[in-house]
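Dear colleague,

I am handing over the structure we spoke about, and my notes on it follow below. Please read them with the coordinates open.

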Amino acid sequence: MIEVSSLSKRFVQGSGKKAQTVQAVSGVSWRAANGQITGLLGPNGAGKTTSLRMVAGLIAPDEGEVRVDGIHVATETQRALARLGALSDARGLYPRLTARENIVYFGRLHGLSAAAAAARAEHLAQLLEMKPLLDRRTEGFSQGERMKTALARALVHDPANIILDEPTNGLDVLATRALREALRRLRDEEGKCIVFSSHIMQEVERLCDQVVVISHGRTVAEGTVPDLLQRAGEHDFEEAFIGLAFSAEERRAAGLQLAREAVPGHAAQGGVL
Ligand SMILES: Nc1ncnc2c1ncn2[C@@H]1O[C@H](COP(=O)(O)OP(=O)(O)OP(=O)(O)O)[C@@H](O)[C@H]1O
């Protein structure tokens with residue numbers, strides 16, 4: 001289980017009089033349960049990546065806290081992170097090593113014996129359907145092949161919690177489906193707590209048991225897809241997302257309208273969403 005409470009983070013760019021402050025995350029709170037897939041859904045710049053980087057202990061929050069299975073990431077970092085597998089956008093594989101060597105190497109860094117790491121590589125290759133890749137050098141791997149290898153590497157220590165930042169970025173339809181299937185198996189067969197960020201509505205709608213909508217660094221809604229549809233008073237998830245994530249003023253400024261806001265006989269300036 002992952003619990004994020006009142007998390008805030010700002011970045012300062014430049015120095016002196018030219019310094020600019022960006023409030024990336026402003027009091028975000030959410031909870032991701034075991035045996036469920038939780039989606040962080042938000043427009044570009046909403047604060048999803050920054051939130052996940054704080055969950056993974058890569059950057060420290062200014063305020064708030066993250067607990068992984070009840071363990072504070074800030075104070076018991078090693079113990080909390082031992083229970084977390086993180087897949088970031090930068091896949092960062094070693095090109096001269098085979099997929100198997102990449103996975104085993106990370107297993108060894110996590111303290112697994114050579115035999116245990118090798119057994120995990122076999123198990124994960126089966127789970128992620130990547131057996132034919134295992135003994136190829138990762139140099140020249142396709143996006144989908146790289147993603148699978150990086151995911152196997154992130155799962156080598158069998159963490160109970162998995163976070164993935166926009167995992168389908170750059171993947172074609174087949175690789176996306178394979179990833180979706182792998183995440184379902186990790187949820188259903190192994191009871192993992194899975195969190196992934198996305199701005200792709202269909203992906204979240206298809207896969208997530210629970211959705212957290214983030215906008216301007218805040219949690220603006222949380223619930224199942226049917227909960228969010230009901231809350232927004234919409235039948236279409238994309239319309240619900242637009243209604244929840246953007247204020248009426250923002251929609252007007254962007255020249256966008258929800259279908260239900262359209263005046264009959266008048267075309268929207270920027271097109272009806
Ligand atoms: N290292 C940084 N320095 C300065 N600003 C940053 C930094 N990292 C993030 N930001 C800013 O914080 C805000 C939130 O960024 P973040 O990457 O968390 O959003 P996101 O929801 O993941 O967006 P996207 O869907 O576009 O990836 C943005 O305005 C971004 O420019």
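**The ligand shell**

The shell around the ligand is made up of 8 polar residues, 4 nonpolar ones and 1 that is charged; please bear in mind throughout that this is a predicted model. Among the 13 residues around the ligand, those that come nearest are Phe11, Ala24, Asn44, Thr49 and Thr50. Two or more residues of the shell are given by each of strand E1 (2–13), strand E2 (20–32) and helix H1 (48–55), and H1 gives the most, with 3 residues.

**The two domains**

The domain assignment divides the protein chain into domain 1 (1–13 + 20–83 + 160–223) and domain 2 (91–158), and the centres of domain 1 and domain 2, taken over C-alpha atoms, are separated by 23 Å. Their contact involves 11 residues of domain 1 and 8 residues of domain 2. On the side of domain 1 that touches domain 2, helix H6 (residues 173–190) supplies the largest share, 5 residues, and by class that side has 8 nonpolar, 1 polar and 2 charged residues.

**The H3 and H4 pair**

Helix H3 (residues 99–109) packs with helix H4 (residues 114–127) at an angle of about 135°, their axes being 9 Å apart, and the two helices are therefore oblique to each other. The crossing of H3 past H4 is right-handed. H3 makes the contact through Arg100, Ile103, Val104, Gly107 and Arg108, while H4 contributes Ala114, Ala116, Ala117, Ala118, Arg120, Ala121 and Leu124; by class, this contact has 8 nonpolar, 1 polar and 3 charged residues.

With best regards

Key: Residues are numbered from 1 along each chain as its sequence is written. This is a predicted model: local features need pLDDT of at least 70, side-chain atom pairs count only at pLDDT 80 or more; totals for chains, interfaces and linings use all residues. Axes are lines fitted to C-alpha atoms, for helices over the stretch in contact, and angles run from 0 to 180 degrees between N-to-C directions. Helices (H or I, at least four residues) and strands (E, at least two) are DSSP runs, numbered from the N terminus. Angles under 35 degrees count as roughly parallel, over 145 as roughly antiparallel, 65 to 115 as roughly perpendicular and the rest as oblique. A crossing is left-handed if the near helix is turned anticlockwise from the far one by less than a right angle, and right-handed if clockwise. Two residues are in contact if their C-beta atoms, placed from the backbone, lie within 7 Å. Ala, Val, Leu, Ile, Met, Phe, Trp, Tyr, Cys and Pro count as nonpolar, Asp, Glu, Lys and Arg as charged, and the others, Gly among them, as polar. A residue is near a molecule or strand if its C-beta atom, placed from the backbone, lies within 6 Å of it. Domain bounds come from an automatic or database domain assignment.
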